[in-house]
Amino acid sequence: MIIMVILLIAWSVFGALLYKRMRLIGLIVSIAYTAIILYATVFSRGESSLGHDFIPFSSFQRAIEQPEFYRSMLMNTFLFEPLGLALPFVLKGNTAKRVLLAIMIGFALSFAVEMIQYFFALGMAEADDVICNTVGTAIGSMSYLLTLLWRKLFLKSEKGGKPDE
């Protein structure tokens, strides 16, 4: 969890300092990280018959008896955070639209991965994975809000109190 927070803060400062280049950087990171997600969740897996669990939040029930499920949920959240970090910089629109679109894209990608896993028997397809992945995208997307805050602070200090927005 500490790594997630550090990544969020570091990316937002990086984004504020290199704001004019972040569209390209975000596009490169988004494409590369989507490939990493697809490799890790689909292409690197052999066929199995682990099944599915489409009941939302059932992992929390299982985690009471097997704490290992908490680690799995945290890893699913962390898996999509970098996508959430990069996407708002690539998308167009106001801040709310960028963040919401990024979260929707994260949800859609996660849902697609789980459906591929289900239909091709490539592991356990779970509703909780979609929830955790979407939360990870949302957490990462919040870095865009921090970037705008840092940007105002940096520009204010550089221009004698007048941010350019």
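Helices here are DSSP runs of H or I, at least four residues in length, and they are numbered from the N terminus. Keep in mind, as you look at these close-ups, that the model is predicted.

View 1. The biggest share comes from α4, which gives four residues.

**View 2. A look inside the largest pocket.** The space here comes to about 220 Å³. Its lining has 16 residues, and those closest to the centre are T41, R45, N76, Q117 and D129. Sorted by class, the lining holds six nonpolar, six polar and four charged residues.

View 3. Start at helix α1 (residues 2-17), where you will find S12. Is S12 buried or exposed? S12 counts as buried, because its relative accessibility is 0% and buried means under 20%. Beyond its neighbours within four places in sequence, S12 is in contact with S143, L146, T147 and W150. Take S143 as an example: 131 residues separate it from S12 along the chain, yet their C-alpha atoms are 5.2 Å apart.

**View 4. The two sides of helix α3.** Which residues of α3 (residues 58-65) are buried? They are S58, S59 and A63. Seen down the helix axis, the buried residues of α3 fall within an arc of 140°, so they line one face of the helix. On the other side of α3 you can pick out Q61, I64 and E65, which are exposed.

Terms used:
Residues are numbered from 1 along each chain as its sequence is written. This is a predicted model: local features need pLDDT of at least 70, side-chain atom pairs count only at pLDDT 80 or more; totals for chains, interfaces and linings use all residues. Side-chain values use heavy atoms; hydrogens and water are left out. On a 1 Å grid over the protein atoms alone, a cavity is a set of points where a 1.4 Å probe fits but cannot get out, and a pocket is an open set with protein on both sides within 12 Å along at least five of seven lines; lining residues have an atom within 4 Å of a point. Grid points are joined across faces, edges and corners, and a volume is the space filled by probe spheres set on the points. Ala, Val, Leu, Ile, Met, Phe, Trp, Tyr, Cys and Pro count as nonpolar, Asp, Glu, Lys and Arg as charged, and the others, Gly among them, as polar. Buried means under 20% relative accessible area, exposed over 50%, partly exposed in between (1.4 Å probe, protein chains only). Contact means heavy atoms within 4.5 Å. The arc is that of the directions from the helix axis to the C-beta atoms.
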